[in-house]
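Please read these points alongside the model. They are meant for a reader who has not seen it before.

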Amino acid sequence: MRVTFVRTLAELAERNPRIMLLTGDLGYTTLEPFSERFPNRFFNMGVAEQNMLGVATGLAEAGFIPFVYSIVTFASLRPYEFIRNGPILHQLPVRIVGVGGGFEYGTAGPSHYGLEDLGVMRIQPGISVVAPADYQQAQASLLATWDLPGPVYYRLGKDERKTVEGLGGRFELGRAQVIRSGTDLAIIAVGSIAHEAASAASVLADRGISSTLAVVAGLNPAPIDDLVKILSEFPLALTVEAHYVVGGIGSLASEVVAEHGLSCRIVRCGVRTTPNGICGSQVYQHRQHGLSSGALVDTAISQLQSISR
Amino acid sequence: MRDLSGETLAEKYGLSYQIRRIILEQSKRANVGHIGSNLSIADIIAAMYENVLRIRSPDDPERDRFILSKGHAALALYAALFLKGFLTEELLNTFCEDGSVLGVHPDHALNGVDFSTGSLGHGLALGAGAALAARLRRSSRRFFVLVSDAECNEGSLWETVMFAAHHYLSNLIAIVDLNGQQAFGYTKEVLNLSPMAERWRAFGWDVQEVDGHDVEELTRTISGFDTTQGAPHVLIASTVFGKGVSFMQSQIKWHYWPMSDEEYRQALIEIEEMS
């Protein structure tokens with residue numbers, strides 16, 4: 001996703017001189033399509049994310065559209081207060097690009113996992129929060145949001161090849177994309193974990209369980225109307241996110257159910273404990289935290305059984 | 001108030017006195033503190049708004065920018081904006097009222113304030129970004145950022161100090177209000193910042209040390225800065241916390257304390273006598 005994103009950004013920058021790219025010393029072999037074409041609009045800010053966000057705020061106030069780039073946790077959590085007091089309170093078009101949500105940095109270990117970024121960004125009013133499911137949707141989301149007047153947070157995955165079947169790269173801010181329709185339960189996924197959710201939906205179908213699968217790539221503004229519609233139709237919905245279960249899509253779906261008085265039971269599939277110092281591949285971590293396709297299938301079946309009792 | 005010659009006190013004593021008077025009046029009316037921090041920068045603000053800043057109107061995009069990174073002294077800034085005609089008396093008199101945009105810390109919702117500040121260690125980065133933008137746009141506007149000495153406790157400030165020096169942001173001028181005090185004690189006891197000038201110099205800034213209560217010296221020093229090329233500039237401005245009011249000077253409690261009626265009367269007399 002990140003390679004596609006940067007290539008698309010460079011194409012946009014060709015036409016729009018306001019676009020700048022700042023990195024916290026990350027993106028080697030990824031950012032060159034931009035940095036080599038626009039050396040005057042590219043700054044390696046060094047390993048100093050607070051200053052990067054502060055400088056980006058100053059640039060945006062003067063009319064630029066600065067994209068700041070780092071790994072999810074360093075882009076979102078380290079300079080969080082600078083994001084709040086800067087682009088959010090001033091409503092300026094700073095773009096915060098975090099790479100590698102969830103467990104994508106696998107063996108790099110817990111310091112590099114991104115498990116709370118969507119939650120901390122979503123609670124702030126006035127910032128668009130975008131988490132594409134694949135590289136096609138990453139491109140579409142950038143094209144749809146790069147010139148919004150307020151700030152945007154992007155959580156990008158590292159995979160550049162896989163696509164979520166049926167999604168076709170569709171993106172619309174404030175909307176959910178329904179890519180499979182069923183009758184037994186709803187599955188609502190955010191970000192690149194949608195691959196596991198799609199795979200689980202296929203396996204469930206093979207076993208005679210029919211599910212609706214929605215991909216939510218924009219948590220803020222929240223796709224409230226779409227979620228109300230989906231959650232009204234089912235007694236059970238699984239939310240799926242490579243994120244702590246608090247703050248992300250599971251919380252959002254629960255808020256919608258509560259505020260609209262719906263009778264859908266929400267089962268939040270996500271991370272419930274700290275990684276406890278354990279590193280391991282993304283595949284391993286998804287399995288450990290119940291986010292692998294197989295684990296999602298098991299959860300769906302056992303939860304369907306429990307509500308039918 | 002007019003004396004026998006018909007001159008107002010404002011005309012007689014200049015901007016520093018008027019800023020101090022507004023600081024006392026409004027702090028008393030709103031019954032809030034941060035008086036010592038405000039008095040500490042009254043002369044720096046006077047130099048800025050009387051002599052240094054090139055501002056034809058607060059809407060002119062080519063105007064110099066002033067960022068009060070030590071946002072807790074916003075009242076001194078409001079006073080200057082009022083005295084320069086950028087802020088009405090009616091609005092000034094809403095300071096700290098319910099529903100006012102004039103809080104203890106400044107907000108960009110107020111015309112004349114470009115950036116909201118109050119979280120220490122933020123303002124210099126904002127100024128650096130704005131200064132970089134001006135360079136990219138080939139604008140000659142300058143960016144002044146007033147930081148407190150205790151604000152130099154913040155690691156984020158030094159991130160920006162490195163960045164600005166690396167990119168030779170000569171259009172960025174930091175002013176350190178070196179009053180030696182912070183909320184809970186003296187800086188040398190809380191987290192020693194000395195030698196302040198050598199620290200900035202070691203990071204590659206052009207450093208000048210001045211008396212932060214000498215408007216003429218402040219003005220003269222800044223006018224000597226080359227803001228078209230070379231290193232960013234920092235004025236290390238030695239100041240006295242609570243300057244002008246004897247019972248506040250260098251006293252920790254006046255970081256937060258509001259004034260009693262008697263203290264207010266005494267303070268007004270003293271600032272007039274010093275002017």
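A residue is called buried if 20 or more other C-beta atoms lie within 10 Å of its own, exposed if 12 or fewer do, and partly exposed in between, with C-beta atoms placed from the backbone. The model is predicted, and local features need pLDDT of at least 70, side-chain atom pairs count only at pLDDT 80 or more, and totals for chains, interfaces and linings use all residues. Residues are numbered from 1 along each chain as its sequence is written, and chains are lettered from A, with ligands numbered from 1, in the order in which they are written.

1. Positive phi. R138(B) is not a glycine, yet its phi is positive, about 55°. R138(B) sits in the loop between α6 (123–136) and β2 (143–148) of chain B; helices (H or I, at least four residues) and strands (E, at least two) are DSSP runs, numbered from the N terminus. R138(B) counts as exposed because it has 6 C-beta neighbours inside 10 Å. In chain A, N276(A) also has a positive phi of about 55° and is not a glycine. The loop between β12 (265–271) and α11 (282–288) of chain A holds N276(A), which counts as exposed with 7 C-beta neighbours inside 10 Å. Most residues other than glycine have a negative phi, and most peptide bonds are trans.

2. Cis peptide bonds. One cis bond joins N220(A) to P221(A), with omega about -5°. P221(A) belongs to the loop between β10 (218–220) and α9 (224–232) of chain A. Another cis bond runs from S194(B) to P195(B), where omega is near 0°. P195(B) lies in the loop between α8 (187–190) and α9 (196–202) of chain B.

3. Domains of chain A. Chain A is divided into domain 1 (2–156) and domain 2 (176–308); the bounds come from an automatic or database domain assignment. The C-alpha centres of the two domains of chain A lie 26 Å apart. Their contact takes 26 residues from domain 1 and 26 residues from domain 2, where two residues are in contact if their C-beta atoms, placed from the backbone, lie within 7 Å. On the domain 1 side, the elements giving two or more residues are α6 (117–122), β5 (128–130) and α7 (135–145) of chain A. The largest share of that side, four residues, comes from α6(A). By class, the domain 1 side has 12 nonpolar, nine polar and five charged residues. In this scheme Ala, Val, Leu, Ile, Met, Phe, Trp, Tyr, Cys and Pro count as nonpolar, Asp, Glu, Lys and Arg as charged, and the others, Gly among them, as polar.

4. Helix packing in chain A. α9(A) and helix α10 (residues 249–260) of chain A pack at an angle of about 75°, with their axes 10 Å apart. Axes are lines fitted to C-alpha atoms, for helices over the stretch in contact, and angles run from 0 to 180 degrees between N-to-C directions. That makes α9(A) roughly perpendicular to α10(A); angles under 35 degrees count as roughly parallel, over 145 as roughly antiparallel, 65 to 115 as roughly perpendicular and the rest as oblique. I224(A), L227(A), V228(A) and L231(A) of α9(A) make the contact with A253(A), V256(A), V257(A) and H260(A) of α10(A). These contact residues divide into seven nonpolar, one polar and no charged.

5. A residue of α10(A). I249(A) is in helix α10 of chain A. I249(A) is buried, with 31 other C-beta atoms within 10 Å. Not counting residues up to four places away in sequence, I249(A) touches I188(A), V190(A), V216(A), L219(A), T239(A) and E241(A).

6. The interface. 18 residues of chain A are in contact with 18 residues of chain B. On the chain A side, α3 (49–61) and α5 (80–90) are the elements that give two or more residues. α3(A) supplies the largest share of that side, nine residues. The chain A side divides into nine nonpolar, seven polar and two charged residues.

7. Chain B overall. Chain B has 11 helices and seven strands. Of its 275 residues, 49% count as buried.
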